[in-house]
Amino acid sequence: MITIKSILDEISKHKKVLIWANLVAIFSTLLTIPIPLLIPMLIDEIILGKGGEITQTIDQYLTINSPEYYILVVLLLTLFFKAISLILNLIHIRLFTKVSKEVTYVIRKRLLNHLQTVSMSEYDMLGSGSVSAKVITDVDTVDKFIASSVGEIVVEFLTVISIATVILYLNWQIALVILLLNPLVMSFYLHVFRKVAKIKKKENRAIEIFQNSLTESLELYNQIRVQNREEYFLNDIDKKAKEIRDRGYQFGFRSEMALEFSRMLIMYSHDIFRAMGILMVLLGLLTIGKMLAIFAYAWIIMRPVDKLMNFTHLYFNAKTSIDRLNEILELHPEPKYRAKVDPFKDNKTASIKLENLSFSYDGKVDVLKDINLEINRGEKVAIIGQTGSGKTTLAQILIGLYPISSGNIYYNNHEIREIGYEKIRENVGFVLQSPLMFNNTIRFNLTLGKDYRDEEIYEILKLVQLYDFVNGLESRLDTIIGKNGTKLSGGQRQRLSIARVLLDNPKVIIFDESTSSLDNDTEDRLLEALDSYIKDKTTITIAHRRTSIDKADRIINLDIINNIV
């Protein structure tokens, strides 16, 4: 699980960079702290003629004949120190940003690595929109906290302590007003924001629901448009957007109200000590120069105090986001079986055996129950059954997308726990009924990043009756097909999906209604071409079409072997 402590532990791994960054920050702070003291002190030393350390120090190195030159020298020193401080600040920001972005990357990588192994049944329940909202929005919130904690908190605390020390040196009575009231304001802000943070959690939840709904609606927008249901779905999304607006308004208003009220209390403390400063000058207990210096420091101390309050704001936001990120890490991973045997090696195909197999999505209601089934090597099997009988679910179980609740699955008489899901997916191809396509080239959609020679690809395209179509395109394999293959017909998408699986040369192939979008003539030519390719392979066809069923050696009715009453 991700926690504030685990984030800080990750930050601490960059000790060398942190040490250098903090040294630079400390030096920059120590360099800038005396600057506000220089010009105000000249008032006492030059205008009031009291003399002092600044003019005496300058006299040791320069011969100055008039007060104007003292002012010029101090001004040049002030500008020089500020320029050096700016350079040091840029270095320190660069170093701290590098650490914060590296830590954020580690968090995202951890989430993505977990998603790589998560059970598809759990992933499907959470939804892609919810996952993307967490990985993008919530990680970004945590990133802001990390940048604040790593890059600012140490510097701001150091600045507050340094300024407090200087003000105490100048006048302890006024210093107490500042140093007592500011922590009280911080305590008030912390108390209020604990309650406000709960609203932020509701806002994030509203964003997640909105993004999930938006993603799903956009993915299915063609279907929505065909059914003339745009108004309904867009109104539904609009309601969720209004929920974000309302939650965001509550959080934004209350958090800003707490922040502004706290700032007002700080300004009150400043008004009090300004009045005290003028009074003490009037009574002769404080010089005008020191008073102006204290005023300058009191103004400067507002920045780190404001930063510390903002840090509190980011801390509670980050805690809320961390809770949501942990929802991803709490998704159960699919069983990880270490490959002990490879039943596919040196075999053209494989037999399949299901023994008392059961499966449930929620752990309560069985979709498949006590299924016993044997498929011989090279056998062509058609699986039929009523809609909702679990045909596609069974196919997904066979390639390990859904872990079984109980029972056993054997390939060539070796149980899947001995084989491992990775080895099964390398050798068992699954052609989806509704193939999903990337908004990329035909080549990418066929290879999914693997390396294949063009000759291999075109050979498979001939097999699935797509060669003439692709070869006739201006960019051929490098043609962009649009989001989810919108530039292709349904039949072309299905054949492209078949070609994608055949390129991997699997030893067992599962077809899930894979020719449902083809006309009879194209389907006949495709099935005839496939006959020679799959003649020695075990194939399972989930189909309703008679043409697909007739080519099977055996027909299995899932309604009969599924023992659900």
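Predicted model: local features only at pLDDT ≥ 70, side-chain atom pairs only at ≥ 80, totals over all residues.
Five of the five residues of β7 are buried, so the strand is largely enclosed by the rest of the structure. Let us look at how the side chains are arranged. V508, I510 and D512 point one way from β7, while I509 and F511 point the other way. Both groups are buried.

Now to the partners of this strand. Strand β6, which covers residues 428-431, runs parallel to β7 and is joined to it by four bridges. Within this pairing, V431 has F511 of β7 as its bridge partner. In β8, the residue opposite F511 is T541.

Let me step back to the whole chain. The protein chain contains 23 helices and nine strands. Its radius of gyration is 35 Å, whereas the globule rule gives 24 Å for 565 residues; the chain is therefore more spread out than a compact globule. The C-alpha trace spans about 110 × 50 × 50 Å along its principal axes.

What share of the 565 residues counts as buried? The figure is 46%. The chain exposes about 30000 Å², and carbon and sulfur atoms supply 57% of that area. As for contacts, consider those between residues at least 6 apart in sequence: 80% of them join residues at least 24 apart. Turning to charge, there are 68 positive and 66 negative side chains, and the centres of the two sets lie 3 Å apart.

Most residues other than glycine have a negative phi. N356, however, has a positive phi of about 50 degrees, although it is not a glycine. This residue lies in strand β1, residues 352-360, and its relative accessible area of 40% makes it partly exposed. D370 likewise is not a glycine and has a positive phi of about 50 degrees. Its place is in strand β2, residues 366-375. With a relative accessibility of 32%, D370 also counts as partly exposed.

The helices on either side of its loop are α11, residues 230-282, and α12, residues 288-300. Leaving aside neighbours within four places in sequence, T287 is in contact with D44, K50 and V281.

The second residue, L488, is found in the loop between α19, residues 467-471, and α20, residues 490-503. L488 is buried, with a relative accessible area of 10%. Which residues does L488 touch, not counting those up to four places away in sequence? They are F469, I481, R493 and L496.

Terms used
Residues numbered from 1 in each chain as written. Heavy atoms only, no water. Helix = DSSP H or I, 4+ residues; strand = E, 2+ residues; numbered from the N terminus. Rg over C-alpha atoms; globule rule 2.2 N^0.38 Å. Buried < 20%, exposed > 50% of the residue type's maximum accessible area, 1.4 Å probe, protein only. Contact = heavy atoms within 4.5 Å. Areas by Shrake-Rupley, 256 points an atom, 1.4 Å probe, with all protein chains shown as cover. Lys, Arg positive; Asp, Glu negative; His and termini not counted. Charge placed at Lys NZ, Arg CZ, Asp CG, Glu CD. Pairing = 2+ DSSP bridges.
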